[in-house]
Amino acid sequence: MINRDVVLLTLKCSPSQYPQMLEDRFPHILEKVIELWGSPEAEPYFADLLQPDGRGGGRFDRDGFPGKAWQEILQLQLLHAKSHPDHL
């Protein structure tokens with residue numbers, strides 16, 4: 001189970017940036033983001049989530065993420081890139 005305080009501490013983000021939809025509807029995604037945060041594997045994971053034919057959408061077997069989840073993933077990707085530019 002994801003802990004809000006751990007997420008905020010790991011991401012070093014403000015409470016207003018907290019990925020609430022990911023926690024509510026896609027906790028496995030948020031857990032994986034926290035697991036990979038700060039590692040070189042985080043960027044490819046974000047890229048896969050955001051690709052039309054990746055995990056995040058465009059596949060025939062599911063509808064993909066709702067708009068708010070896409071926004072949260074993109075926000076996390078940008079935050080990660082800013083915090084860890086050496087992993088780009």
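1. Which residues of α1 are exposed on the other side of the helix? They are D5 and L9, where exposed stands for over 50% relative accessible area, buried for under 20% and partly exposed for what lies in between, with a 1.4 Å probe and protein chains only. V7, L8 and L11 of α1 are buried, and because they fall within an arc of 95° when seen down the helix axis, they line one face of α1; the arc is taken from the directions that run from the helix axis to the C-beta atoms. The buried residues of α1 pack against α3 and α5.

2. On the basis of these remarks: the model is predicted, so that local features need pLDDT of at least 70 and side-chain atom pairs count only at pLDDT 80 or more, while totals for chains, interfaces and linings use all residues. Residues are numbered from 1 along each chain as its sequence is written, and side-chain values use heavy atoms, with hydrogens and water left out.

3. The overall layout is five helices and zero strands, in the pattern α-α-α-α-α along the sequence; helices (H or I, at least four residues) and strands (E, at least two) are DSSP runs numbered from the N terminus. Of the 88 residues in the protein, 42% are buried. Among contacts with a separation of 6 or more, 51% are between residues 24 or more positions apart, a contact being heavy atoms within 4.5 Å.

4. The largest nonpolar core has 25 residues, and L11, L22 and I29 have the most contacts inside it; such a core is a set of buried Ala, Val, Leu, Ile, Met, Phe, Trp, Tyr and Cys residues joined through side-chain atoms within 4.5 Å. The elements giving two or more residues to this core are α1 (4–11), α2, α3, α4 and α5. Leaving aside neighbours within four places in sequence, I29 is in contact with L22, Y45, L49 and F65.

5. In helix α4 (residues 42–50), the buried residues are A42, E43, Y45, F46, L49 and L50. Seen down the axis of α4, these residues fall within an arc of 160°, so they line one face of the helix. Their cover includes α3 (27–36) and α5 (67–83).

6. Three aromatic pairs are found in the whole structure, with rings of Phe, Tyr and Trp (its six-membered ring) pairing if their centres lie within 6.5 Å, and planes under 30 degrees apart counting as stacked, over 60 as edge-to-face and the rest as tilted. F26 and F65 form an edge-to-face pair, at 4.9 Å centre to centre with 90° between the planes. Because F26 lies in the loop between α2 (20–25) and α3, and F65 in the loop between α4 and α5, this pair ties together parts that are 39 residues apart in sequence. Both F26 and F65 are buried. W37 and F46 also form an edge-to-face pair, at 6.4 Å centre to centre and 90° between the planes, and both of these residues are buried. Ring pairs link F26, F65 and W70 into a cluster.

7. A69, which lies in helix α5, counts as buried because its relative accessibility is 0%. Not counting residues up to four places away in sequence, A69 touches M21, L22 and F26. The C-alpha atoms of A69 and F26 are separated by 8.5 Å, although the two residues are 43 residues apart along the chain.
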